[in-house]
Amino acid sequence: MALVIIHKFGKTPGISLGELAEELGSAFQVPVSAGAPQPLPPDGYDRHRHQYSAAVFIQRLLQIKERSPMDQRSAVLLGLTGADLFVPQLTFVFGLSDRRAGAAVVATSRLRPEFYGEEPDQAFFGERVLKEATHELGHVFGLPHCGDALCIMHFSNSIADTDRKGPGFCRKCRARLAELGIVGN
Ligand SMILES: [Zn+2]
Ligand SMILES: [Zn+2]
């Protein structure tokens, strides 16, 4: 049975870890719990891009895993951060996952309506966070990107893609998750 532990990195205002844990738990039918809050990794900051390297968050999650009690070492770790994340080949990412590491990170700053000059909307923001977290965990559990623009496993190149898709899996991805031993909603 998989177990997911969520860690916040730095400040992530407006996010209830308890609620997110509950929602992700019902999306994947796995136990999800909140882990200890973490500082932003100083070595992840790129002062030219004014962004953080997403890969450094994955490394940090792996270190947390290594220091965890035995029963939690096989857990999937999900990081959440208010920092803006990048990978070298893209201007930004909403998240990054590493299946082998059993870890993923979601960046929340570009999920806020305010980022696009719109009115703050906590519920809408929460939906987007849930979608991106579900997407990244889907990768960790073994799902690739999906061609169906309405499926949560569709790649989000922009916030419009995120708003169009999900929060659920298409029939194909759900079947694939089931093969992997996970029940996706
Ligand atoms: Zn993806
Ligand atoms: Zn799909």
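Two strands count as paired here if DSSP finds at least two bridges between them. Keep that in mind for what follows, since this is a predicted model.

**Around β5**

Let's start with β5, which covers residues 76–81 and is mostly covered, with six of its six residues buried. Both of its faces are covered: Val76, Leu78 and Leu80 are buried on one side, while Leu77, Gly79 and Thr81 are buried on the other.

Strand β5 has β1 (residues 4–9) as a parallel partner, joined to it by six bridges. Strand β8 (residues 103–107) also runs parallel to β5, with five bridges joining the two.

**The three-stranded sheet**

Now for an open sheet of three strands, in the order β3-β4-β6 and with mixed pairing. Its edge strands are β3 (45–46) and β6 (85–86), each of which pairs on one side only. Strands β3 and β4 (residues 51–53) are antiparallel and share two bridges. If you want a spot to look at, Asp46 stands opposite Gln51 in β4.

There's a helix here too: α2 (residues 54–67) packs on the sheet and touches β4 and β6. The direction of α2 makes about 50° with that of β4.

**Pairings side by side**

| Strands | Sense | Bridges |
|---|---|---|
| β1 and β5 | parallel | six bridges |
| β5 and β8 | parallel | five bridges |
| β3 and β4 | antiparallel | two bridges |

Terms used:
Residues are numbered from 1 along each chain as its sequence is written. Chains are lettered from A and ligands numbered from 1 in the order in which they are written. This is a predicted model: local features need pLDDT of at least 70, side-chain atom pairs count only at pLDDT 80 or more; totals for chains, interfaces and linings use all residues. Helices (H or I, at least four residues) and strands (E, at least two) are DSSP runs, numbered from the N terminus. Two residues are in contact if their C-beta atoms, placed from the backbone, lie within 7 Å. Axes are lines fitted to C-alpha atoms, for helices over the stretch in contact, and angles run from 0 to 180 degrees between N-to-C directions. A residue is buried if 20 or more other C-beta atoms lie within 10 Å of its own, exposed if 12 or fewer, and partly exposed in between; C-beta atoms are placed from the backbone.
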